[in-house]
Every structure is written in C-alpha cells, then in structure tokens.
Amino acid sequence: MFDFAPGAGAHKPEIYRELVAAALALTDAEPDAVANMANCAALIATFLSDLNWAGFYRVIPGNPDELVLGPFIGKPACIRITIGQGVCGTAAATRQTQCVADVHAFPGHIACDADSRSELVVPVIRDGQVVAVIDLDSPLPARFDTDDAAGIEALAAAIAGRI
Ligand code: SME
C-alpha cells in the first residue's frame with residue numbers, strides 16, 4: 001500500500017515539494033509510462049484540493065498534430081485535441097503554461113466537464129519535444145496561481161523522463 005499525503009497545514013510550495021517527491025518515489029525504476037502517469041494523476045488528486053479533473057494528454061510518436069487523452073481522475077473527457085486548440089492544445093503549441101482564471105473567457109476552451117471554471121495546463125517537455133500536457137480543472141474560478149503553476153511545472157520537469 002502507498003500512503004502518500006501532504007503534511008497537515010503545509011503551504012502550497014511545500015505541498016508541491018512533497019507532491020514532486022512522492023511522484024519521483026512512485027515512478028522510480030518503473031519504465032511503463034501509462035502506469036507512471038496514472039499514479040501521478042492519483043497523487044495530484046490526493047495532494048490538491050478543489051479539483052474536478054486532473055490528468056494527462058499525450059503526444060503520440062508519429063502524430064505531432066494531436067493530443068490524445070491519457071490517465072486521469074475525473075469525468076470522461078474528450079479524447080483528441082488538435083495542437084493549438086483549447087487550453088491544452090495552446091499549452092502544447094506555445095510550450096507555455098496556461099493558467100486560466102475563467103475558462104469561459106478563454107477563446108476556444110473545450111468544455112469536457114460543465115463544472116470546470118478555471119484550468120491550469122503545463123507542457124511536459126523531453127529532449128526539446130512536448131510529449132504531454134498535465135491538465136488540472138477546478139470548479140472554482142481562479143483556483144490556480146503562480147505557486148500552482150510553478151509546482152506543476154516542477155512536477156512536469158521531474159517526470160518528463162518517466163512518462
Ligand atoms: N478544457 C480543456 C480540455 C480538456 S478537459 O478540461 C479535461 C481544453 O480546453 O483544452
């Protein structure tokens with residue numbers, strides 16, 4: 001049994017340090033990318049509050065134009081997203097974290113869960129290529145701030161070679 005959980009009363013940067021450490025421990029020496037993404041999605045859902053969706057979209061080798069749904073926690077979601085479209089496709093196309101306070105104000109936002117109000121998407125870059133994005137949705141407006149962006153970017157960097 002794995003029993004990873006954030007320390008009681010920890011502040012955001014500390015929660016993310018613990019989350020990254022847990023992700024590194026859980027994915028250590030495991031070569032299967034799907035297993036590692038699945039456990040990382042579960043860790044995100046365990047460590048962070050006020051999320052209604054957390055998971056991965058992947059770039060499949062040989063198909064650089066699309067993101068394909070990967071392991072996640074939440075309601076069933078759209079399976080394929082064209083690079084450049086929606087919040088996820090924009091993060092992949094620009095290689096930049098997208099921190100969206102109000103998804104309804106984001107041009108081309110793709111609604112997978114009607115409960116989502118804000119969203120954070122971070123590209124995962126390995127050897128100069130976007131190999132996936134990490135997508136977090138919240139039912140709260142403006143749920144994500146710069147600490148969340150930095151924390152998920154640290155997670156993305158830590159696991160880029162393991163997914
Ligand atoms: N909202 C995303 C689509 C994925 S779901 O949120 C799970 C987007 O606009 O790309």
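## Basis of the description

Residues are numbered from 1 along each chain as its sequence is written, and side-chain values use heavy atoms, with hydrogens and water left out. Because the model is predicted, local features need pLDDT of at least 70 and side-chain atom pairs count only at pLDDT 80 or more, while totals for chains, interfaces and linings use all residues.

## Surroundings of the ligand

Several polar contacts (pairs of N or O atoms within 3.5 Å) can be described. A polar backbone atom of Val87 lies 2.9 Å from an oxygen atom of the ligand. From the side chain of Asp137, a polar atom is 2.9 Å from an oxygen atom of the ligand. His109 places a polar side-chain atom 3.4 Å from a nitrogen atom of the ligand.

## The largest cavity

Rolling a probe the size of a water molecule over the atoms shows where empty space is left. Here a cavity is a set of points, on a 1 Å grid over the protein atoms alone, where a 1.4 Å probe fits but cannot get out; lining residues have an atom within 4 Å of a point. Grid points are joined across faces, edges and corners, and a volume is the space filled by probe spheres set on the points. The count comes to one cavity of 30 Å³ or more, and the largest cavity has a volume of about 110 Å³.

The lining of the largest cavity consists of 14 residues, with Cys88, Ile110, Cys112, Glu119 and Asp135 nearest its centre. Two or more lining residues come from each of β1, α3 (86-94) and β6; helices (H or I, at least four residues) and strands (E, at least two) are DSSP runs, numbered from the N terminus. Helix α3 gives the largest share, three residues. By class, nine lining residues are nonpolar, two polar and three charged. In this scheme Ala, Val, Leu, Ile, Met, Phe, Trp, Tyr, Cys and Pro count as nonpolar, Asp, Glu, Lys and Arg as charged, and the others, Gly among them, as polar.

## The largest pocket

A pocket is an open set of grid points with protein on both sides within 12 Å along at least five of seven lines. The largest pocket has a volume of about 350 Å³. Its lining has 19 residues, of which Val59, Ile60, Pro61, Val130 and Val131 lie nearest the centre.

The elements giving two or more residues to this lining are α2 (33-47), β1 (53-60), β2 (63-74) and β6 (129-138). Strand β6 gives the most, with four residues. The lining of the largest pocket has 13 nonpolar, three polar and three charged residues.

## Aromatic pairs

A pair of aromatic rings is described by the distance of the centres and the angle of the planes. Rings of Phe, Tyr and Trp (its six-membered ring) pair if their centres lie within 6.5 Å; planes under 30 degrees apart count as stacked, over 60 as edge-to-face and the rest as tilted. Two aromatic pairs are found in a search of the whole structure. Trp53 and Tyr57 form a stacked pair, at 5.9 Å centre to centre and with 25 degrees between the planes. The ring centres of Trp53 and Phe72 are 5.0 Å apart and their planes stand at 15 degrees, so this pair is stacked as well. Because Trp53 lies in strand β1 and Phe72 in strand β2, the pair ties together parts that are 19 residues apart in sequence.

Relative accessible area is classed as buried (under 20%), exposed (over 50%) or partly exposed (in between), using a 1.4 Å probe and protein chains only. Trp53 is buried at 3%, and Tyr57 is buried at 1%, whereas Phe72 is partly exposed at 27%.

## Backbone features at alanine residues

Most residues other than glycine have a negative phi, and most peptide bonds are trans. Ala29 has a positive phi of about 65 degrees; it is found in the loop between α1 (12-27) and α2 and is exposed, with a relative accessible area of 74%. Ala142 also has a positive phi, near 50 degrees, and is placed in the loop between β6 and α4 (146-159).

Ala54, by contrast, is found in strand β1 and is buried at 2% relative accessibility. Ala54 and Ala29 are 25 residues apart along the chain, and their C-alpha atoms are separated by 24 Å.

Technical notes
Polar contact = N/O pair within 3.5 Å; in protein donor to acceptor, adjacent residues only side chain to side chain.
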